[in-house]
Amino acid sequence: MRLAPVILSLTLAAAPARAETRFFAYDPADRLTRALTGPLTFEVELGLFGRTTLRRLYSTARTGQADLTVGSPVGVRELLGRDAVEGTVYGIALTGQGRPLTRALCPGADEAWLAFAPVRAARPARARAVGRWSDGVFRECAQLSWTFRGEWSVLPTPDPTGP
């Protein structure tokens, strides 16, 4: 019986080595999502027990990407509510195309976060955008939804002429 804790600790220690990066392509499911994001490719890290973590969003039709970081201030969680289906919150890094994405999702906000329902292959994706304005107030900006288009084996190269 002493062997079980040793095996469990070895399995958990090896978990980062098992992470696999995948690219899931999505199309906007409604007019608002189409206007704010267009088609996107999510860089997804698959972890132990099927856990997914988003690392980056890529514009599928144009050149552009935004890095995501896991976590948010308490104010975002309070606004979403404890029972929100969108359980994982990602901060949009303000480097690269992150600032323009923040401004598109939450016009006038200084920072923005995306709260995602679990992202799975062959399933629709859903997120809520929350912003923080210069007065420190958090506001929900948009509810976004996408339909699953497919999975890329490598990151696609966008068409430089646009859609």
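Which residues lie nearest the centre of the largest pocket? I looked this up in a predicted model, where local features need pLDDT of at least 70, side-chain atom pairs count only at pLDDT 80 or more, and totals for chains, interfaces and linings use all residues. Residues are numbered from 1 along each chain as its sequence is written, and side-chain values use heavy atoms, with hydrogens and water left out.

**Pocket.** I found Leu36, Thr37, Leu40, Ser59 and Leu101 nearest the centre, in a lining of 21 residues. A pocket here is an open set of points on a 1 Å grid over the protein atoms alone where a 1.4 Å probe fits, with protein on both sides within 12 Å along at least five of seven lines; lining residues have an atom within 4 Å of a point. I noted 12 nonpolar, seven polar and two charged residues in the lining, with Asp, Glu, Lys and Arg as charged, Ala, Val, Leu, Ile, Met, Phe, Trp, Tyr, Cys and Pro as nonpolar, and the others, Gly among them, as polar. At least two lining residues come from each of helix H3 (31–36), strand S3 (52–59), strand S4 (65–70) and helix H5 (98–105). Helices (H or I, at least four residues) and strands (E, at least two) are DSSP runs, numbered from the N terminus.

**Helix H5.** I listed Gly98, Leu101, Thr102 and Leu105 as buried in H5 (under 20% relative accessible area, 1.4 Å probe, protein chains only). They cover an arc of only 100° around the axis, so they sit on the same side of H5; the arc is that of the directions from the helix axis to the C-beta atoms.

**Alanine 127.** I placed alanine 127 in strand S7 (residues 125–132). Alanine 127 counts as buried because its relative accessibility is 0%.

Conventions
Buried < 20%, exposed > 50% of the residue type's maximum accessible area, 1.4 Å probe, protein only.
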